[in-house]
Amino acid sequence: MTPVTAPGGAIVPYWRLSAFYLFFFAALGALLPYWGVYLRDLGYSPGEIGSLMAIIAATKIVAPNIWGWVADRRGERLPIVRLGSGLAFVLFLGVFFAQGFWWLAATMALFSFFWNAALPQFEANTFNWLGAERERYSRIRLWGSVGFIATAASIGPLLDRFGETTLPWFVAAVFFGLWIASLAAPPAPGGRTAHGDHGSIGEVLRRPHVWSLLLVCFLMQASHGPYYAFFSIHLQDYGYSGFSIGGLWALGVIAEIGVFLAMHRLLPRHGTLTLLLASLGLTALRWLLVAGFVDRPSVLIAAQTLHAASFGLYHAVAISLVDRFFTGPHQGRGQAFYSSLSFGAGQAVGTFVAGLMWTVAGGTITFAGAAAVAAAAFVVAGFGLRGVPDRESARKT
């Protein structure tokens, strides 16, 4: 890989940045596919599982904005990343002391509050390292996908052998690795200089293309609520083994890696709006396939490859637009808004509603509803982002 030079002439520390993504998303690969299964093994109902899983997403609404404000005021991001990562590890250990609903709810709220504080500020630090070479971001971020695959694919067979109650031990080990990676990651040599007048944060948020993008991100992640909370449970109910479940999760992320490897070519060639609309349309198709054909492994495999669009393509485009729209002193809060409104509010609402729908209507209707939400995001993007420069080289907001 050709080394990338940061603003000021320093070489971007590729592996030290990538290691953080590796462990952060390895934790996600352990929690998303299997935490709902673990909770069901403890005896919780679908509604209770949906509520507990929504807590992790709900903390993303508050934590990134608090820490984004602090980081922008202080002009320092890595101390927050390190603090958040270390406290996430320590507080997660609370799951070993009790398994009651309210104890688990409090533990999940606390560890995820600090865990979710870390990523947006690390993203801003990564973009500061990359400077004008922001299309290279996907080459660093793909190691997060590798981490997700490593845990999603390996933990399923381990749970088949040792039981669901061993899951917290695997998660704790990954959180410890994340803390170590945060200590090894270097701060960028100075902030990135952005083009034009930044304006106040309120002025930025009132721009139609900005709030349209944030609404699209909210809807997109809300459509993923049933997937993150109940996909593994859905597969278990249809007789899939832990090995098969882990393999299907891993397949989706392998497809995602393929997109990340190609994004530095796709963005300049096709432009942001075209790629965003493609990701939203293919996401709606993905949920329809899961809704109607979960009993057909070949169709489910095809649906999982669409994770390349529903996360890989979508995230690479969305975070690039966020970095373009929120510049200068608003960079940290821009990343926080993106994280809190999409992976926070969107996932929390989507997960909570999925828990209610699952109890009343079952998996097929719930995933069909997710497809409708993704289609709504497609409409909002088509109208709300018209007129935005559709090329990565166009830097002004």
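Colleague: How many residues does helix H5 have, and how far does it reach from its first C-alpha to its last?

Modeller: A helix here is a DSSP run of H or I with at least four residues, numbered from the N terminus. The expected span is 1.5 Å times one less than the number of residues. Helix H5 (residues 137-162) has 26 residues and reaches 38 Å, close to the 38 Å expected. This is a predicted model in which local features need pLDDT of at least 70 and side-chain atom pairs count only at pLDDT 80 or more, while totals for chains, interfaces and linings use all residues. Residues are numbered from 1 along each chain as its sequence is written, and side-chain values use heavy atoms, with hydrogens and water left out.

Colleague: Where in H5 does a kink lie?

Modeller: The bend at a residue is the angle between axes fitted to the seven residues ending there and the seven starting there. In H5 a kink of about 25 degrees lies at isoleucine 155, shortly before proline 157. Just after H5, glycine 163 takes a positive phi of about 100 degrees.

Colleague: In which helix is confidence lowest, and in which is it highest?

Modeller: pLDDT is the predictor's confidence in each residue, from 0 to 100. Helix H7 (residues 201-206) has the lowest confidence, at a mean of 75, and helix H6 (residues 167-184) the highest, at 96. The protein averages 85, and 90% of the residues score at least 70. Over residues 191-197 pLDDT stays under 50, as it does over residues 392-397. Where pLDDT is low, the predicted coordinates should not be read in detail.

Colleague: Which residues have the most contacts inside the largest nonpolar core?

Modeller: A nonpolar core is a set of buried Ala, Val, Leu, Ile, Met, Phe, Trp, Tyr and Cys residues joined through side-chain atoms within 4.5 Å. The largest has 123 residues, and those with the most contacts inside it are Trp35, Leu39, Trp115, Phe175 and Trp249. Helix H1 (residues 14-41) contributes the largest share of this core, 17 residues. A second, separate core of six residues includes Trp67, Ala71, Ile80 and Phe114.

Colleague: Why does serine 212 count as buried?

Modeller: Buried means under 20% relative accessible area, exposed over 50%, and partly exposed in between (1.4 Å probe, protein chains only). Serine 212 counts as buried because its relative accessibility is 4%. Its place is in helix H8 (residues 208-223). With contact meaning heavy atoms within 4.5 Å, serine 212 touches Val380, Gly384 and Leu385, not counting residues up to four places away in sequence.

Note on methods. Helices (H or I, at least four residues) and strands (E, at least two) are DSSP runs, numbered from the N terminus.
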